[in-house]
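Thanks for coming. I will take a few minutes to walk through one structure, starting with a term we need and then going from the overall shape to single residues.

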Amino acid sequence: MTTQMREPEHSGTPPQGGPTVAAMVRANEANWDARTPVHVASDFYGLDGSRTADDWFAPFEWQDLGDLRGRDLLHLQCHLGTETAAFADRGARAVGLDFSAAALTEARRLATASGRDLTFVRSDVHRAPEALGDRRFDVIYTGKGALCYLPDLTAWAEIVASLLRPGGMLYLVEFHPLLDALGPTPAPDNQDLLLRHDYLAGRGPLRSDSPHTYTDGPPLADATASYEWRHGLGEVVTAVSCAGLRVDVLRETEQAPWKRFDTMVPGDNGWWRLPPDEPIVPLLYALRATKG
Ligand SMILES: C[S@@+](CC[C@H](N)C(=O)[O-])C[C@H]1O[C@@H](n2cnc3c(N)ncnc32)[C@H](O)[C@@H]1O
């Protein structure tokens with residue numbers, strides 16, 4: 001993973017009278033449709049065979065997830081299905097869900113080409129119960145750039161809980177809000193990281209308008225505006241607990257699956273960490289919660 005994720009170009013809270021949350025979510029859908037062809041052609045995703053499904057996982061994830069054979073697994077916000085494929089490879093009956101029609105067209109094409117038996121459902125996460133009907137799951141996996149697109153974690157956690165069977169687990173692996181708060185010193189000869197962005201959500205949704213996505217490749221052709229919501233760890237854990245799920249693992253790790261800053265160095269498993277002269281801070285967290 002040699003591609004650096006670009007710093008988000010935020011212009012702050014939309015002004016009074018700005019778009020509704022529903023309009024922001026629609027803008028995000030168009031933005032993800034526009035990103036899809038760039039991602040499919042990118043070295044970052046390595047869909048030409050240069051990356052494997054397993055590259056996207058840290059060993060601790062498989063440890064926390066346990067034996068997936070014969071389990072019904074739902075992957076929320078699955079994008080191109082690169083991670084969904086790894087669950088099927090471990091014997092799960094895997095369903096990927098995403099609102100981007102373009103991403104799911106590619107996910108289905110890739111699954112067919114690789115001979116994997118995967119199901120993909122197009123839906124906004126907020127409408128997942130309607131889209132999935134009476135299907136219920138043993139495992140719901142999500143993350144690595146997913147929660148930031150969801151405005152209301154209370155609603156999200158209730159949806160997750162409703163889709164799990166009793167005894168089922170949510171496994172969330174997400175970029176740590178501290179990572180999102182870091183940024184390089186704004187001086188060309190100094191790469192030290194500083195606290196440059198909000199950790200908490202106080203300023204409301206963050207609007208970006210950039211033709212660049214986080215992979216290599218050409219600029220987006222259109223739909224360059226997108227919206228993100230910050231979610232601190234306290235908000236995440238509270239939402240999950242209040243939805244009736246018991247949190248049994250909360251890991252914070254100094255590893256990240258791709259290179260966010262130029263100065264990052266690769267670890268043994270191909271994941272990335274800050275250089276040894278930087279403080280050791282969490283870049284990613286994993287939360288496992290069980291439905292009683
Ligand atoms: C960064 S990807 C996360 C998936 C995976 N970790 C990856 O890196 O490929 C974010 C995905 O969330 C999807 N997404 C964003 N908001 C969504 C929503 N409200 N409902 C369903 N999917 C959504 C986007 O279409 C995109 O495919």
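When I call a residue buried, I mean that its relative accessible area is under 20%; over 50% is exposed, and partly exposed is in between. Take V25 as a case: its relative accessible area is 11%, so V25 is buried. That residue lies in helix α1. Leaving aside residues up to four places away in sequence, V25 touches F99 and D124. R108 is another matter: 83 residues along the chain from V25, with 23 Å between the two C-alpha atoms.

Before going on, please keep in mind that this is a predicted model.

Now the overall picture. The protein contains eight helices and 13 strands. Its C-alpha trace spans about 55 × 45 × 40 Å along the principal axes. For 292 residues, a compact globule would have a radius of gyration near 19 Å, and the 18 Å of this protein agrees with that. Of the 292 residues, 52% are buried. Among contacts with a separation of 6 or more, 73% are between residues 24 or more positions apart.

Next, the inside. In soluble globular proteins, nonpolar side chains tend to be buried together. Which residues have the most contacts inside the largest nonpolar core? They are L65, L68 and F87, in a core of 52 residues. The elements that give two or more residues to this core are the helices α1, α2, α3 and α4, and the strands β4, β5 and β13. Helix α4, residues 101-114, supplies the largest share, which is five residues.

Not counting residues up to four places away in sequence, L68 touches W62, L73, F87, R90, G91, A92 and V139. Apart from this core lies another, of 31 residues, which includes V95, I140, A243 and L245.

Let me stay with α3 for a moment, since F87 brings us there. How many of the residues of α3 are buried? Seven of its eight, so the helix is mostly covered. The buried ones are T82, E83, T84, A85, A86, F87 and A88. Their cover includes helix α2 and the strands β1, β2, β3 and β4. After α3 comes G91, with a positive phi near 95°.

That leads to backbone angles. Most residues other than glycine have a negative phi. K144 is not a glycine, yet its phi is positive, at about 55°. You will find K144 in the loop between β4 and α6. Is K144 buried or exposed? With a relative accessible area of 9%, K144 is buried.

The second one is A223, also not a glycine, with a positive phi of about 50°. A223 sits in the loop between β8, residues 206-209, and β9, residues 225-228. Its relative accessibility is 28%, so A223 counts as partly exposed.

Two more positions before I stop. S42 is in the loop between α1 and α2. S42 has 4% relative accessibility and therefore counts as buried. Its contacts, not counting residues up to four places away in sequence, are T215 and D216.

The last one is P184, in strand β6, which covers residues 182-184. P184 counts as partly exposed because its relative accessibility is 26%. P184 and D262 are 78 residues apart along the chain, and their C-alpha atoms are separated by 9.0 Å.

To recap, we have a predicted model with eight helices and 13 strands. The largest nonpolar core has 52 residues, and another core, apart from it, has 31. Helix α3 is mostly covered, while K144 and A223 each have a positive phi without being a glycine. That is what I wanted to show.

How values were computed. Residues are numbered from 1 along each chain as its sequence is written. This is a predicted model: local features need pLDDT of at least 70, side-chain atom pairs count only at pLDDT 80 or more; totals for chains, interfaces and linings use all residues. Side-chain values use heavy atoms; hydrogens and water are left out. A nonpolar core is a set of buried Ala, Val, Leu, Ile, Met, Phe, Trp, Tyr and Cys residues joined through side-chain atoms within 4.5 Å. Buried means under 20% relative accessible area, exposed over 50%, partly exposed in between (1.4 Å probe, protein chains only). Helices (H or I, at least four residues) and strands (E, at least two) are DSSP runs, numbered from the N terminus. Contact means heavy atoms within 4.5 Å. The radius of gyration is taken over C-alpha atoms; the globule rule is 2.2 Å times the number of residues to the power 0.38.
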